[in-house]
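Please look over the sequence and the model below. The report that follows goes through the fold, the core, selected helices and strands, and the chain contact.

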Amino acid sequence: MVEVVETTGLPRLGGPAPDFVAQTTQGTLTLDDFRGRWLVLFSHPADFTPVCTTEFIAFAEIYDELQKRGVDLLGLSIDSVFSHIAWLRNIEEKTGVEIPFPIIADLNKVVANAYGMIHPDQSNTEAVRCVFIIDPNQIVRAMLYYPLSTGRNMDEIVRLIDALQTTDKHNVATAANWRPGDPVIVPPPLTQEGAQERLTEGYDCTDWYLCRKKV
Amino acid sequence: MLSALEEGPGSPEEVAEKTGMSLFRVRSGLRELSYAGLVEVTGERYELTEKGAESLRDAQ
């Protein structure tokens, strides 16, 4: 007997972001429209729900910080554009917060499926809370997947972007809990000779494979 | 966006700079204007068509 197991395909870190053509609250947008800038593509389960509303307010609060970093925001849920428009108007009326970024109305789940946003053990009809950090070359650089119950942390999303942009600018890695201004990690040597030389190169080293520097 | 092309062809980046709009909105908007026959694109540069120039005159 053949057993069919349904799996959720996910984009791969370091791989191209899946292309899309999508109806949004700011017109029809494609992935290519965002080429040349960083993009935070995120999903939420449903409009007019409590945790999602707090997240939208929180995303709006980091919008200016993201713009300073050359990062655009794009939301998605499996709702109609009419629902999105009504919800954004409701958020502004009830909280005074204007949501400045577009939201994909993915009723046919095409984008949600391409990005692995539907996890049937959470819901068959709603996306889970995903975040995709996509770089200017449209490569997926980081992914977060959170459950329906738990709102995301904006500080971590901004920190993650700072870390990735620092990595790209200086060809370095960033340690656990790294914040801008902290020392960064020098790429480890890949040869025995390199390991031998590393400790004489002036870095702050715990050992040959773990060295830090300021940038 | 049509006004931004009044003086001559431009790239989406140039139109974004002139209008202050996000680059993604400009790319999306120019695409829609192209479908409507108001602009035409050669490579990465957009310019007003006659219909686009007429629409702009009517709007001003």
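What percentage of the 215 residues in chain A is buried? Buried residues make up 29% of them.

## Overview of chain A

This is a predicted model. Chain A has five helices and ten strands. Along the principal axes, its C-alpha atoms fill a box of roughly 65 × 60 × 30 Å. Among contacts in chain A with a separation of 6 or more, 64% come from residues 24 or more positions apart.

## Nonpolar cores

The largest nonpolar core has 41 residues. Within this core, Leu39(A), Val40(A), Leu41(A), Phe132(A) and Ile134(A) touch the most other members. Several elements of chain A each supply at least two core residues. The strands that do so are β3 (38-43), β4 (71-77), β5 (103-105) and β6 (129-134). The helices are α1 (50-68), α2 (81-95), α3 (110-114) and α4 (154-170). A second, separate core holds twelve residues, including Val15(B), Leu33(B), Val39(B) and Leu48(B).

What does Leu39(A) contact, leaving aside its neighbours within four places in sequence? The partners are Phe34(A), Val71(A), Asp72(A), Leu74(A) and Ile134(A). In general, nonpolar side chains in soluble globular proteins tend to be buried together.

## Strands β3(A) and β4(A)

β3(A) and β4(A) run parallel and are joined by six bridges. Phe42(A) stands opposite Gly75(A) of β4(A).

β4(A) is mostly covered, with seven of its seven residues buried. Both of its faces are covered. Val71(A), Leu73(A), Gly75(A) and Ser77(A) lie on one side. Asp72(A), Leu74(A) and Leu76(A) lie on the other.

## Helix α4(A)

As a general rule, an α-helix has 3.6 residues a turn, so residues three or four places apart point the same way.

After α4(A) comes Asn171(A), with a positive phi near 55°.

## Thr166(A) and its surroundings

Thr166(A) is found in helix α4 of chain A. Why does Thr166(A) count as partly exposed? Thr166(A) has 18 C-beta neighbours inside 10 Å, whereas a buried residue needs 20 or more and an exposed one has 12 or fewer.

Leaving aside neighbours within four places in sequence, Thr166(A) is in contact with Val172(A), Thr174(A), Val184(A) and Val215(A). Pro188(A) is 22 residues from Thr166(A) in sequence, and their C-alpha atoms are 17 Å apart.

## The three-stranded sheet

Three strands of chain A form an open sheet in the order β8-β10-β9, with antiparallel pairing. The edge strands are β8 (184-185) and β9 (204-207), each of which pairs on one side only. Two bridges join β8(A) to β10 (residues 210-213) of chain A. In β10(A), Lys213(A) is the bridge partner of Val184(A).

## Chain B and the contact

The contact takes seven residues from chain B and nine from chain A. On the chain B side, two residues are nonpolar, two are polar and three are charged.

Helix α2 (residues 23-35) of chain B has 13 residues. From first to last C-alpha, α2(B) reaches 18 Å, close to the 18 Å expected at 1.5 Å a residue. Buried residues of α2(B) include Phe24(B), Arg25(B), Val26(B), Arg27(B) and Leu33(B). What covers the buried residues of α2(B)? The cover includes β2 (27-30) and β4 of chain A. Just after α2(B), Gly37(B) takes a positive phi of about 80°.

Note on methods
Residues numbered from 1 in each chain as written. Chains lettered and ligands numbered in written order. Predicted model: local features only at pLDDT ≥ 70, side-chain atom pairs only at ≥ 80, totals over all residues. Core = buried A, V, L, I, M, F, W, Y, C linked by C-beta atoms within 7 Å. Helix = DSSP H or I, 4+ residues; strand = E, 2+ residues; numbered from the N terminus. Contact = placed C-beta atoms within 7 Å. Nonpolar A, V, L, I, M, F, W, Y, C, P; charged D, E, K, R; others polar. Pairing = 2+ DSSP bridges. Expected span 1.5 Å × (residues − 1).
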